[in-house]
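This briefing covers a complex of several chains. Please have the sequence and the 3D view open while reading.

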Amino acid sequence: MSESGINRRDFLKVLGLGGSSLALTGCGNTDIRSGDELIMPNVSPEDFVVPGLSVFYASTCTQCGSACGVMGRVREGRVLKMEGNPQSKISGGKICGLGQAAVQVQYNPDRLTQPMMKVGNGLQPVSWDKAMATLNEKVGPKSGIKGENFAFMTGAMSGHLKVLVQNYLDSLDSKNHFAYEALSPSIGFAANKQVYGVDMPRLHFDKAKLIVSFGSDFLGTGASPVHFAAEYAKFRKAPRGTLVQIEPKMTMTGANADRWIAIIPGTEGIFALGVANQLLKHSEFTNTVPAGIASLVSKYDPETVSQITGVRPELVGHVASLLWEKTPSIVISGASAEGHAHGVQNAVAIQLLNKILGNVGKTIDGQAKSPFPQIAPEAGSFSSLKAMNDAMGGGKLQAVFIHGANPVFTAPSFMGFRDNLRKVPFKVAFVNAADETAQECDLVLPILTAVEEFGSNIAWYQPEGVEITMQQPLMNKLYPDTRSMGDIMLDLVKQRRADEYKNWPDFFSYLKAAVINMKPAVKYTDTDEHFWYDTLSSGVIHIDAPQEQIGDSFAEAALSLPEVQNVQDPKFPFYLVPSERHYFRDGRHANCGWLQESPDPLTTIVWDSWVEIHPKTAASMGIKEGDYLEIASQNGTLKVKAYLFPGIHPDAVSIPLGQGHESLGRFANGVGVNPFTILNPVFEKDTGELAMFGTRVSVKKTSDSEIVVKDEGPVSTQMGRKLVVTLPADVAQLSKEI
Amino acid sequence: MSKSHMLALFTDFDEASNAIRELKASNLEGFNIKDVTLKSPIEHPEIEELLGKRPVYVQFFTLFGAIFGGLGGFTFISSSQATFLLQPKGGKPVIPIPPDMVLTYELFILFGVYITVLGFFIGAKLPMKRHKLYNARVSEDQIGILIKADDTAMPAIKDLMTRHKALEIIGEGSK
Amino acid sequence: MINTFEERDVAVEKRFIHKEKDIREDIAWAQINKDVLKSLERPRMLFWVIFIASLALFMVGVSCEIYQYQTGMGVANLDNPHVWGLYIGTFIFWIGMSHSGTLLSAILHIMHADWRKPIYRFAEAMTTFSLMTAGLFVMVHLGRVWQFYYVVAYPNERWTWPNFQSPLVWDATAIFTYLTSSMIFLYIGMIPDLAICRDNATGFRKSFYTFLSLGWMGTDRQWANFRVTYLTVACFLIPLAVSVHSIVATDFAVSQQPGWHITSFPPYFVAGALYSGCAAIITLFIVLRYVFRFEEYMTMPILEKTAKLTFAIAMVWTYLNLVEYSSTWYGDDMYAKQALIYRATGDFAPYWWMMNFLGSVVPFTLAFKRIRNNIPAMLVISILLNVGMWLERWMIVSPTFANGIYPWTWDHDQWPSLVQWGIVAGSFGWFNMLFMLFCKIFPSVSMYEVKEMVYHRSLVRKGTEDATQINPELAVEGGIAS
Amino acid sequence: MSITNLLNNWSFYRNKRPYRGQYDLNKEYSEYKWAMALDLDICTGCNACTTACYAENNLPVVGKKRFHHGQVMHWIRIERYWDEKMVDFPEQGASFLPMMCQQCEAAPCETVCPVGATSHTNDGLNSQNYHRCIGSRYCSANCPYKVRYFNFWNYPSTAWPAPLPDQLNPDVTVRTKGIMEKCTFCVQRLNEAKSRARTEYRLVRDGEVVPACVQACPTSAITFGNIVDPNSKVAKMWKNQQVDLYKDLQEKDNTVRGYRILEDLRPFPSVMYMERIRDTEA
Amino acid sequence: MIHRLLAVLSFVFLCVGTASAEPLKWGGPIGSQTSDGYNALGPVVKQPIEFPHYRHARDMGISCLYCHTGARRGYVSVIPRIDKCIGCHQNIESVRNKPRIKKLFEYWEKKEPIPWKKVNDLPDYVRFNHERHVQRFYFRQNRPIREVCGYCHGDVANMTVDRRVKSLSMGWCISCHQKDHRENDVSMKTSHGPYECWQCHK
């Protein structure tokens, strides 16, 4: 960090209590006193550190995969708050609530503070020496473990840690890197690949006059919610764009739509084809759209579509006429359209509209292509979990490492993942807290949290150019017995390839060297050291890479139309919509008090799970709010409180994901239920991904009932008060506004 | 000329007033009607009238207390508001009249009552030591007439009292 | 021979108006002393039962308060929009209770209604003690009761003053004024009686009463000052009492809450106060009459008069209640109307209807002479009326919070917790305990005024007998013909 | 002597807030009047502001049971309303309303506090002084927006199990039981910025300081600034939306979106909301 | 007679009491603010090193701001960091063997902070801004620094170990904030300190 060779960690160490005491409570010292409190001056702090003034350090938020650039407010050696980093094109200086909660992950009372080892049925604390010795014994060079017997499961990954993980696997001669995300975008990627030839195109919401979203909750849980929210804000400014949302259960994006259409889950593709059919009646499209497509969609007249999708027939024509009137538009598909056995087909049918309307190139184009493929993001998929599960079940694996994923919690119960995991002789988890997976492991190693750690990240959705967001410690490590994941990986790699890595004593130096290597790509002219410090202080490396080309012809859209899926199942009459809560996602951050207490935007429920059911359905079944319902699928039953929610299709019920932890910490344990457990083994045909929305359930009312804890009062309307006033868009004159 | 006290007790209130009436008319040497004190278990405005004007000053205390409470109260409240600019209230001036009037009213009554009572204590000479000729029967059902007079006039007064069926006559020496 | 105007008026009145005998005129004064002083020594067993029960109840309240003090207001189960609960309701109830003492001692004193004389002393004690109880509720209600002195206007090293605009400061001032004034009034009025106690007591009690009676001798000078003072303080107390409860009403009326922001609240509160106070007097009248064997003084005609007074006030209250509802209804303010409908139909509807029934329908029983003269019935009715009046206060406070202006925050889980109920119950224990102690230590019937009453009655009788001997100077037209 | 003071300055003491010209750049102690403009059309209801507020202002996490009892402490809450005319489905989405202390110019809470714990600052904020508060809760009773939150429990002892207290912001007091609290517009930030500006002989620049909620808001739906400065964005927006701070009844065109909530109660709030727009033809 | 005297006395008492009541006097009676008045001398605090302020500030004439660097730029005035002490003292050989200096070097060699005790300790909920006061009176009004600091801290330059000399009560703060001070050394315009709760209470 400075000439004297003190690096950042050491600097943070000396930055103890400086000058001012911590004002923790207003009820502590309430008198004027003399000589009761101590002030400890710094021995030798940095010049810019003034006690009582905050310093902001740039870093990256790793709470989800969007890799927003953030700043941490640091005072007296403690990180207090996360803010958006204005230099980051992804966050644009903004931050979501999940990102704010990074500090609660850091100071979480249930963090693991020392290595644990399985003794009998429980985990016992051990020293790092012991832990590393065990690791060495089981997977070290002398253990004789072979590549095919070893697997490394991670979450979505990018940056230089990914490189290290990859190198470690290479050194073991193993190909078993399983990047698993419970809520992965892979079905969408597959569809995009078919339609545009790329995994993820760049979406210009701000340029669109109309967004038609088939179940994409881009404001809440999409690829990059903070970035999309900013784009959405521009989209809503003059000339104001119109948002149409078509989905079975209202998401946060749906709540902001000008027109929200409830649809039977899985039939979104049919609706899109119906719209296409109507659009193709305009003669302008006869030249641009191949006749084959027109004939394909011609059987989807509004009546048929209405029958299949449960949407009123006139709405098909209505959406089509909106698309016709408001150009350019953008049509996107989301989780609830893609999470079906024919998910890719649904998504392709939806993306077909973009092609017909000629949106490609206007509101949809390619992302910048990263010049560094080795650190490019791995978004994760369900199929890797399946592959690993199969390998474990087959008894092939001798040792597994798990980092950044909690498969015991998120794997559906039909997989029997927990049992299969137990078959593996040696399991290691690298975690912040002893979660469900860690409980099953033989060795649990406490690693640093994101705000204590160096690192680099690249998001799989890049709004402008390629942005490598840098992660740097915002404070000294809180617990002495936790270690950097990078350092551990480096040590592991050195076990086998000591020579190649001997120049780098720790991950910090490795990362620094690696980043400096990128200098040419950024066209930075100053010295390496300056480049490194500039990178750290701005928090981002911005590379103006050329855009990927995306296909705009219909040839790429190898259209295979979705079959009609709307079959009634008398035993399981309801569709289950496992909804993704925007601050919970797959539930890995459920142990943050702030997130538990942050009301769900639509139901305003806190600290719980619930099942959303349409008031009409509820009335016909005699269900009142707070009644416990038994939601049963082929694979299990959940007992959840009912919440009457008008924004859901009457044939669907919805349970939010992320709750129902058994072992994560005091704020999450025993709160709510985990709908992952009752998912049916329905898989997407093209990709083999789990079809999250393909589960059918039955609903049974029980005699139990409990009050639903929510922020909302007994009424959900404004009761005639002028609180939120709605103005028709044609009256408003947004262009005259500032 | 030495003066001494005498207490005459009556059961019949009419006789007692007659006795005083006669005493007043008697013009005895060494005796003044002002030196007669009536002691009674209940109040007797009509007999008090006989004894001549014995002015009561309580009402002046009341007047002073009420005026002081009202004016002083308002001054106190408004000037403390004026010195305490730390707390301007949105929508209201620093010195709002209606709320201050409420408090002024309360303080007007508060001081009115307090100073009236103070006046009572001063006027009734309370607390005081009981006169040595005080008799507990006065607090029960008898009326007592305490007379201070020259020793020379004493026998005549005693005689007068006896005539009016005084139940008992207690002189200073008799105890 | 009738010599004064007053005697003449009494004679006239006696002749033309038939009156029940409030009290026996021939009762010996020594007997009065004896009867009343006996109450300081040997009450009936029931006294101790009530006292011990009250003490126990009070201890319940104290333990609840200790728990609340240490844990926080949350144990009362109040919530964020619903920040006031039974504490404030019961606070108004006790403030209201205090008004009847003033009614009997001050208003009726000025009106020369001498039937008040045997019962005003305990009513005044009731005033004092219910004010003390109300004061406790202010403390219990505060989140940081240990900082209560911030409300007091005194020069301090922080250079701060309370906010004189706040109705709560008016409250504090008014209650302080009322409490001290009524205590002074009670004490001043008791001095002659304390002298009697002094003259009849022995030992420790003698020195106690000697100290308190300040050397009262009943001299003409003392009596003259006493008369003026008593009358003056009575005159002050009447507007004071009215102002105190109007100020309590302004706590609500000056706020913006629907259901509170009502112009008629001050008179409504005052009427309610007098109402519950009169009902409480009936209850305590019956209890004291039995416990201390005061049948001779607390006679049935007095009870009947109190009952009639209660009935009259009940009708005033009912009227004002209806005025409140109808003005809300016709005012057509959305918020207020919604709040009113909520009261009648929402979560609090049973209590609201019960309040209206107990407050407006039950008092009609007092119209019947047979009921008025039936002591057990009167006991039950008076207690029912007070339950109704307590409910009224609760219905003013709680439903507004549960259904105010802002719909998002309506009604969470506002049912009062056991701690709240415990403290409310404890307040009844505290009041009863103090009251019973007072009656045991001080003469609860004013001896000297009963003597006056008897004296005047005997004068009246004499006056009627001697009606022909009227002083010709006093004769007027329509007077007593010679 | 203060009687002379009273007589000399009587007219000053009788000035009633808000009065026109109360805030003026040329006057000595009122160069600032902090105000907000909140565009309901681009507020997505994501709760980022709420969480930011928890982080900045040391708000306790109360837990399920206490949340159920309505003892939650969120200084800014997102309300979600359904359309009153909704038939089967909320076809026009939901209405989200972020509600925080409106910093009323004629605040109903201020006048009723017995100890003056809440009063007006020169910057037009409605200050809440925790150490003066005795917990009578009258302010909350009188607040039409119900944005005041009372500490029913001793949260410092329960809400932050170690090491969570290390996260607490040392610029903000942690409130003990029995105290009322509310949104402060992040006054600790404002004070710091004002101090910095005064050292540099200038006024706080527009956008130099914003509360935590504004800083977090992903859609930038909230604009914050000094409304006295006619060049600040928020002042321009108020002017553009024809909302006048000193009026309780705005005369404005029906195409204009600005309004203040419950203005008819005359609290003169400092937060202007801009109406939600819905494309009725969609 | 005694009662008449009592009457007169109580009247006089009430009048005098009213006249001397605090609200009627701007500033209030001296001594009414704390038990021992504004000039409340705090207790003697024993420090780990008996730091001679008089030597540095009076004898050597070092400005307060030289060591307490935060006072001009932040809320906290800052106890100097140890390397600041060492920076000078490693070059002053003459005092190197004095016991206090030895102690200082012991801390330095161990790289340990010196556990000073807080002398002017305000309650935790009060935010006192050194910057504003120093900027206003030292930089803008050009008063001598020892005088400016001395408003609150007294004549530290004549002390060895610092000792609290003022009551630091809220009333004492306000008593100064209510006074009109000249805005800078050239203009005669005056203004008083801000008084509003949030200025100091956090």
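This is a predicted model: local features need pLDDT of at least 70, side-chain atom pairs count only at pLDDT 80 or more; totals for chains, interfaces and linings use all residues.

Among the 9 pairs of chains in contact, chains A and D share the most contacts. Chain E is assigned two domains, domain 1 and domain 2.

**Confidence**

- Chain A has a mean pLDDT of 87, and 93% of its residues score at least 70.
- For chain E the mean pLDDT is 79, with 80% of the residues at 70 or more.
- Within chain E, helix 1 (residues 2-20) has the lowest confidence, a mean of 59, while helix 3 (residues 64-67) has the highest, at 90.
- The pLDDT is below 50 over residues 19-36 of chain E, a stretch with 37 contacts in the model beyond near neighbours in sequence.

**Contacts between chains**

- Which two chains share the most contacts? They are chains A and D, with 77 residues of chain A in contact with 74 residues of chain D.
- On the chain D side, two or more residues each come from helix 3 (48-56), helix 4 (64-68), strand 2 (77-81), strand 3 (95-99), helix 9 (212-216), helix 10 (233-240) and strand 11 (276-278).
- Helix 3 of chain D gives the largest share of that side, 7 residues.
- Sorted by class, the side of chain D that touches chain A holds 37 nonpolar, 21 polar and 16 charged residues.
- Strand 27 (residues 726-728) of chain A runs parallel to strand 11 of chain D, and 3 bridges join the two.
- In this pairing, A:Thr726 stands opposite D:Arg276 of strand 11 of chain D.
- Chain A and chain B do not touch, and their nearest C-alpha atoms are 20 Å apart.

**A sheet in chain D**

- An open sheet of 4 strands in chain D has the order 8-1-10-9, with mixed pairing.
- Strand 9 of chain D pairs with strand 10 (residues 271-274) of chain D in the antiparallel sense, over 2 bridges.
- D:Tyr259 has D:Tyr273, in strand 10 of chain D, as its bridge partner.
- Helix 10 of chain D packs on this sheet and touches strand 1 (34-39), strand 8, strand 9 and strand 10 of chain D.
- The direction of helix 10 of chain D makes about 110° with that of strand 8 of chain D.
- Helix 10 of chain D is also among the elements that give residues to the side touching chain A.

**Layout of chain E**

- Chain E contains 9 helices and 3 strands, in the sequence pattern α-α-α-α-α-β-α-α-α-β-β-α.
- Of its 202 residues, 30% count as buried.
- Of the contacts in chain E between residues at least 6 apart in sequence, 62% join residues at least 24 apart.
- Domain 1 of chain E covers 33-77 + 116-186, and domain 2 covers 80-114.
- The C-alpha centres of these two domains of chain E lie 25 Å apart.
- Contact between them involves 6 residues of domain 1 of chain E and 6 residues of domain 2 of chain E.
- The side of domain 1 of chain E that touches domain 2 has 4 nonpolar, 1 polar and 1 charged residues.

Terms used. Residues are numbered from 1 along each chain as its sequence is written. Chains are lettered from A and ligands numbered from 1 in the order in which they are written. pLDDT is the predictor's confidence in each residue, from 0 to 100. Two residues are in contact if their C-beta atoms, placed from the backbone, lie within 7 Å. Domain bounds come from an automatic or database domain assignment. Ala, Val, Leu, Ile, Met, Phe, Trp, Tyr, Cys and Pro count as nonpolar, Asp, Glu, Lys and Arg as charged, and the others, Gly among them, as polar. Two strands pair if DSSP finds at least two bridges between them. Axes are lines fitted to C-alpha atoms, for helices over the stretch in contact, and angles run from 0 to 180 degrees between N-to-C directions. A residue is buried if 20 or more other C-beta atoms lie within 10 Å of its own, exposed if 12 or fewer, and partly exposed in between; C-beta atoms are placed from the backbone.
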